[in-house]
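Visitor: I am new to this structure. Please show me how to read it.

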Amino acid sequence: MKEPSEIPSMAALRAEIDALDAQIVTLLADRARLIDRAAQLKPGEGLPARIEARVEEVVRNAMREAEARGLDPALIETIWRLIVEWSIAREERVLGKED
């Protein structure tokens with residue numbers, strides 16, 4: 001990624017943002033595949049889809065990373081809680097425990 005100060009125009013800036021957005025979507029798709037694997041492994045280990053301590057650990061980790069990188073931890077908390085809830089719902093569907 002280029003330094004923002006090196007981007008010469010709005011068109012170039014938008015292209016950088018679009019490329020970064022595509023990378024974020026790719027990473028989220030990779031995460032979803034890992035969630036699918038977790039749903040396969042959890043029954044054998046006697047684990048439910050929702051493990052509250054793990055939920056909080058994941059959110060805290062993301063907030064700590066955000067703060068270290070100069071992002072608003074509250075924003076990241078909101079985003080990560082949404083991602084985690086979506087992930088739990090995905091696992092529950094696979095585990096056959098959908099409400």
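Guide: Start with a helix pair. In α2, Val-55, Glu-56, Val-58, Val-59, Ala-62, Met-63, Ala-66 and Glu-67 meet Pro-73, Ile-76, Glu-77, Trp-80, Arg-81, Val-84 and Ile-88 of α3. Contact means heavy atoms within 4.5 Å. By class, eleven of these residues are nonpolar, none polar and four charged. Ala, Val, Leu, Ile, Met, Phe, Trp, Tyr, Cys and Pro count as nonpolar; Asp, Glu, Lys and Arg as charged; the others, Gly among them, as polar. Helices are DSSP runs of H or I, at least four residues, numbered from the N terminus.

This is a predicted model: local features need pLDDT of at least 70, side-chain atom pairs pLDDT 80 or more, while totals for chains, interfaces and linings use all residues. Residues are numbered from 1 along each chain as its sequence is written, and side-chain values use heavy atoms, without hydrogens and water.

Visitor: At what angle do α2 and α3 pack?

Guide: Two packed helices are described by the angle between their axes and the distance between the axes. Here α2 (residues 52-68) and α3 pack at about 145 degrees, axes 9 Å apart. Axes are lines fitted to C-alpha atoms over the stretch in contact; angles run from 0 to 180 degrees between N-to-C directions.

Visitor: Is Arg-81 buried, exposed or partly exposed?

Guide: Buried means under 20% relative accessible area, exposed over 50%, partly exposed in between (1.4 Å probe, protein chains only). Arg-81 has 28%, so this residue is partly exposed. Arg-81 lies in helix α3 (residues 73-95).

Visitor: And is Glu-91 buried or exposed?

Guide: Glu-91 is also in α3. Its relative accessibility is 4%, so Glu-91 counts as buried. Beyond four places in sequence, Glu-91 touches Ile-35, Ala-38, Ala-39, Lys-42 and Ala-49.

Terms used. Helix = DSSP H or I, 4+ residues; strand = E, 2+ residues; numbered from the N terminus.
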